[in-house]
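Visitor: Hello! I would like a close look at a single part, with the cut-offs spelled out as we go.

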There are 2 protein chains.
Amino acid sequence: MKLSVIFGGSSYEHEISIVSAITMKKVLSGVELSFIFVDSDRSFYLIDSDNMKSKYFSSADYKKSKSLSLKKGGFAIDGRFGSKALDGGVVLNLIHGRDGEDGKISSLMEFYDIEFISPRTEASVLSYNKLYTKLYAESLGVSVVPYIHLSKLDERSIDIDYPVIIKPVRLGSSIGVSIVKESDDLDYALDVAFEYDSDVIIEPFIEGVEEYNLAGCKTGDWELSIIEEPQKEEFLDFEKKYMDFSRDSQVSSAQIDDKLKDAIEKSFREIYDPLFLGSLIRCDFFVVDGEILLNEINPIPGSMANYLFDDFRGTVERLATSLPKERKISIDYQYIHSIQRAKGKA
Amino acid sequence: MKLSVIFGGSSYEHEISIVSAITMKKVLSGVELSFIFVDSDRSFYLIDSDNMKSKYFSSADYKKSKSLSLKKGGFAIDGRFGSKALDGGVVLNLIHGRDGEDGKISSLMEFYDIEFISPRTEASVLSYNKLYTKLYAESLGVSVVPYIHLSKLDERSIDIDYPVIIKPVRLGSSIGVSIVKESDDLDYALDVAFEYDSDVIIEPFIEGVEEYNLAGCKTGDWELSIIEEPQKEEFLDFEKKYMDFSRDSQVSSAQIDDKLKDAIEKSFREIYDPLFLGSLIRCDFFVVDGEILLNEINPIPGSMANYLFDDFRGTVERLATSLPKERKISIDYQYIHSIQRAKGKA
């Protein structure tokens, strides 16, 4: 099995994407991996496996690597005397944040007819934007953490119990996120969030809320991970999250009863199928007063949430062979022909 | 002013996109236009203005045109001895349906840092999918035509008054759309729609409903078109719609009072701003019992709805100089550097 891990991107999460990609080298041993780096300028480079070390990127040494271009059917290695196809198999999209999660990479892959593991463009847009995630989940009957949506130009008169958490709708990794404990601090927190985004959501902040994470995908069958109860922090700051993206050893299951487990899995399946076919995602749920609430969808989870799977490599390999195909549209110009005929020009 | 009209695409509406593009040649006279054709195989061709005739495409003569590639900052004309930048100005996305309206073209333009007129990827996804359009409009407090959403795997037990109209959620141009007059015909109509899409919406079909179309964009100011009351048909079949896309002479305003006009314009502005910045869209509204209901958003309207504008060329030119800019993200590797330092490897 061949896979090309695409990582980096013009994203606030560029660096943690590098960490995620390095982790893939460890957890996908045995798979023939190519590494395609997207630098901050959105140029593509083919990175030798031996160079998959964070310093190779931070030092800009990566620029010595071969440069790649997108062509119909795959990437091509640019050379002085023309280009040569990269035989890299299925692309695994591991760009966190912008480019990877906002639909750009999936659009590029579909346009250039390259097989890829990732949420498709629609799924990307609905999960990258936290407001649209809410609308989508609610439309399926999946409960979400209650929220207020505020646009930059909206009046800031908010009737809400503190503490609250403020999140820009489009960014991952806690950027622009604040916990606000009293109304006096609200304005400043909103200013910070609006620095990053035109829209924010405001949610009640529940100290020590019961949280459960579940990852999975649908290949021939459902492949759901164990359910993890993640460590409690007010929220992960960038550096902790950074470390989190390099996780590579399996964790143990949350101690929950079968009823709760089944209910969490059911919500996951509702969200995943069919919108997220072709991707491996992680959903984070809260349980409040016995009710399961979707907190967020991680369309490209850190290190692909490998640490939640018994057989991560097997899951990825099966997913790579059960990807959705774009419908072929054949264009026969029958309308133009018939109009030409009607005009006597056929 | 220079503009590059991009048209065609791997879309059921490929042919009407050609008609729209030919219309641009008439209605944008005085603008220095380039024509970029995307064939059914998604190859790019630079079409000489003199060849902008439908037969040039239906006969496959277009393959004699120069081929183009996407490069950072713009298209390049491929040649035997390397490639040369196309100096084509701002791209005007005129691909109807898939590729143009589903977010692919906008993703490509953003990724390759090319200025373009079109809904951005998020706006594309929310307007291309009729179900998401409803969720989006409702979240803004804009009323929509009532609907039932049905997925392929859902049970088909529907409690609804006939006649109804069945629409695949993701296709334009009436493809897969049926009007169903009695329950006996429902199953067949759903089978037809599910041939094209995994999801459909079912709406009441209101014979002779009052309908109003309004197009516009935001440049420095709002530039709203006149409001048209379109011709009544059960619905436009493909051939009528085809002719419709070649409209190039201005129509007259609907005879409505100022209150209704203001209310329609208000709904348009709610929908447009800020999600659709950078695009010129047309919204189609129904008025039922005095209530304004959004019927659909046309993210890339046929022939850009030029026939609704007093000064179409001026509007397009102003739009081309007031496009949203993507936020620059500078990547300084501070987290990788600090981790390197912590490990003593700096």
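In which helix of chain A does A:Leu131 lie?

Guide: Happy to walk you through that. This is a predicted model, in which local features need pLDDT of at least 70 and side-chain atom pairs count only at pLDDT 80 or more, while totals for chains, interfaces and linings use all residues. Residues are numbered from 1 along each chain as its sequence is written, and chains are lettered from A and ligands numbered from 1 in the order in which they are written.

A:Leu131 belongs to helix 5 of chain A, residues 130-139; helices here are DSSP runs of H or I with at least four residues, numbered from the N terminus. A:Leu131 is buried, since 20 other C-beta atoms lie within 10 Å. The term buried asks for 20 or more such atoms within 10 Å, exposed for 12 or fewer, and partly exposed covers what is in between, with C-beta atoms placed from the backbone. Leaving aside residues up to four places away in sequence, A:Leu131 touches A:His149, A:Val169, A:Asp199 and A:Ile201, where contact means C-beta atoms, placed from the backbone, within 7 Å. By contrast, A:Val27, 104 residues apart from A:Leu131 along the chain, has its C-alpha atom 33 Å from that of A:Leu131.

Chain B can be laid on chain A by a turn of 180° and a shift of 0.0 Å along the axis, with an RMSD of 0.0 Å, superposing by least squares on C-alpha atoms of residues with pLDDT of at least 70 in both. That is the relation of a two-fold axis. The same surface serves both copies, as 100% of the contact residues of chain B recur in chain A.

How many residues meet there? In chain B, 37 residues are in contact with 37 residues of chain A. Helix 4 and helix 5 are among the helices of chain B that each supply at least two residues to this side, and helix 3 of chain B gives the largest share, 5 residues.

Technical notes. Two residues are in contact if their C-beta atoms, placed from the backbone, lie within 7 Å.
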